Amino acid sequence: MNYENYMTECIKLARTGEGNVSPNPLVGCVVLDKDGNKISTGYHAKYGENHAERDALLKLKNGEENGGTLIVNLEPCSHYGKTPPCTDLIIERGIKRVVIGMRDVNPKVDGIKKLKDAGIEVIEGVLEKECRQLNEVFIKNMIEQKPFIAIKTAATLDGKTAAQNGSSKWITSESARTEVKKIRNRYDAIMTTSATILADNPTMEHRKKIILDRELKTNLEATIYKSGEIYLFNETLDMFEGGVNFIKTPVHQNKLDLEFIFTKAHSLGIQSILIESGGHLNGEALKFADKIYHFIAPKITGDNNSRSCFDYRHIDNINECLNFKIDSIENFDPDILLTYYPIQ
Ligand code: AOF
Ligand code: ZN
């Protein structure tokens, strides 16, 4: 039997939890009866609530899963966390085969052994690459105890984000901007700078917003401050006032210390950050970036003074380039989205 289609379905189900399960992983599950008919599906919908396997199995009341197969993108848990171990329920319900996308990186979990010890056949590594990508944030958090950093930029064909006057708000089309909202939802927080707020006065609708404003130049009446939890990293103030968390931050060469900001954000429970700003911060954040979403609009400024989307440093030789691996190219007519990862 080929389980790839069911694993693709698990990934799709898992994505339903985007925006609601952090810091837990995205997990989806499909259950087949002993003849291979699909009888239930489930997913992890909200942090602290039922895991995907439990969600799928609890929908079955008549024992039709007895002798059947359970497909799930992540190794079932074997520990008591916010919920009891999924392995116990899988064993109790008489499942005979478990198909897994990837092993869990959480050291508390050793579900495969527990299932095998109970005489269940375990098939591992089905669509493993896709399953790992689905949970790239969870994997980085578990292994490195650091937030996953993504950068989103939108540029012209000549790599520019703004004309000299800083006007940059509407480089891409409506369909690209709709996609940006979906991308934002995957991350615990968005991050931007005073320069972007002063130039564009964006809304950047999100649950949590990290703002870098060293000299506190932005007006707290700006649209961005009207919703979400605000973390305002700056050089002088450390206090909570008017609904804003002001966080005093070390400065090096006139710039707020990004390493400090990411560490602090992690200590505040922020597991992933989407940077949406201009070329300066994008350039500086490159060395921390885990992933880049790069929209390209079919436009040319032709102006060699307009700002580059990654504006960081001078190099003398093309060998000094940073290198990336392109993961996908998608159309958001008339624009495209390149998604790429740094090559370590
Ligand atoms: C989830 N959803 O569908 C699966 C998870 O504290 P708990 O009980 O919620 O356990 C969290 C851990 O359980 C998580 O870090 C992961 O290792 C494992 N599996 N977690 O939130 C799921 N299958
Ligand atoms: Zn579980």
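For the shell around the ligand I count Ala, Val, Leu, Ile, Met, Phe, Trp, Tyr, Cys and Pro as nonpolar, Asp, Glu, Lys and Arg as charged, and the others, Gly among them, as polar. The model I am working from is predicted.

**Entry 1: ligand 1**

By that scheme I sorted the shell around ligand 1 into eight nonpolar, seven polar and three charged residues. I list 18 residues around the ligand, and Asn24, His44, Ala52, Lys82 and Asp104 are the closest.

Next I looked up polar contacts. Which side chain has an N or O atom 2.8 Å from an oxygen atom of ligand 1? I noted Asn24 for that distance. Asn106 places a polar side-chain atom 3.1 Å from an oxygen atom of ligand 1. For Thr83 I have a backbone N or O atom, 3.1 Å from an oxygen atom of the ligand.

I then checked burial: ligand 1 taken alone exposes 490 Å², and the protein buries 95% of that. Helix H2 (52–58) and H6 are the elements that give two or more residues to the shell.

**Entry 2: second largest pocket**

I moved on to the second largest pocket and recorded a volume of about 910 Å³. I found 32 residues in its lining, with Lys140, Phe148, Ala289, Asp290 and Gln344 nearest the centre. Two or more lining residues come from each of helix H5 (128–134), helix H6 (136–144), strand S6 (148–156), helix H9 (258–267), strand S18 (324–332) and strand S19 (335–342).

Which element gives the most to this lining? I have H6 down for five residues. H6 had also come up in the shell around ligand 1.

Why does the pocket lie between domain 1 (4–142) and domain 2 (146–342)? I put it there because both domains give residues to the lining.

**Entry 3: backbone geometry**

I looked for cis peptide bonds and noted one joining Ser22 and Pro23, with omega about 5°. Pro23 sits in the loop between helix H1 (4–15) and strand S1 (28–32).

I noted another cis peptide bond between Asp333 and Pro334, where omega is about 5°. Where is Pro334? I placed Pro334 in the loop between S18 and S19. Both of those strands are on my list for the lining of the second largest pocket.

Last, I checked phi at Asn201. The value is positive, about 45°, although Asn201 is not a glycine. I located Asn201 in the loop between helix H8 (194–200) and strand S9 (208–212).

Notes:
Residues are numbered from 1 along each chain as its sequence is written. Chains are lettered from A and ligands numbered from 1 in the order in which they are written. This is a predicted model: local features need pLDDT of at least 70, side-chain atom pairs count only at pLDDT 80 or more; totals for chains, interfaces and linings use all residues. Side-chain values use heavy atoms; hydrogens and water are left out. On a 1 Å grid over the protein atoms alone, a cavity is a set of points where a 1.4 Å probe fits but cannot get out, and a pocket is an open set with protein on both sides within 12 Å along at least five of seven lines; lining residues have an atom within 4 Å of a point. Grid points are joined across faces, edges and corners, and a volume is the space filled by probe spheres set on the points. Helices (H or I, at least four residues) and strands (E, at least two) are DSSP runs, numbered from the N terminus. Domain bounds come from an automatic or database domain assignment. A residue is near a molecule or strand if one of its heavy atoms lies within 4 Å of it. A polar contact is a pair of N or O atoms within 3.5 Å; within protein, one must be able to donate a hydrogen and the other to accept it, and residues adjacent in sequence count only if both atoms are side-chain atoms. Accessible areas come from the Shrake-Rupley method with a 1.4 Å probe; for residues, only the protein chains shown count as cover.
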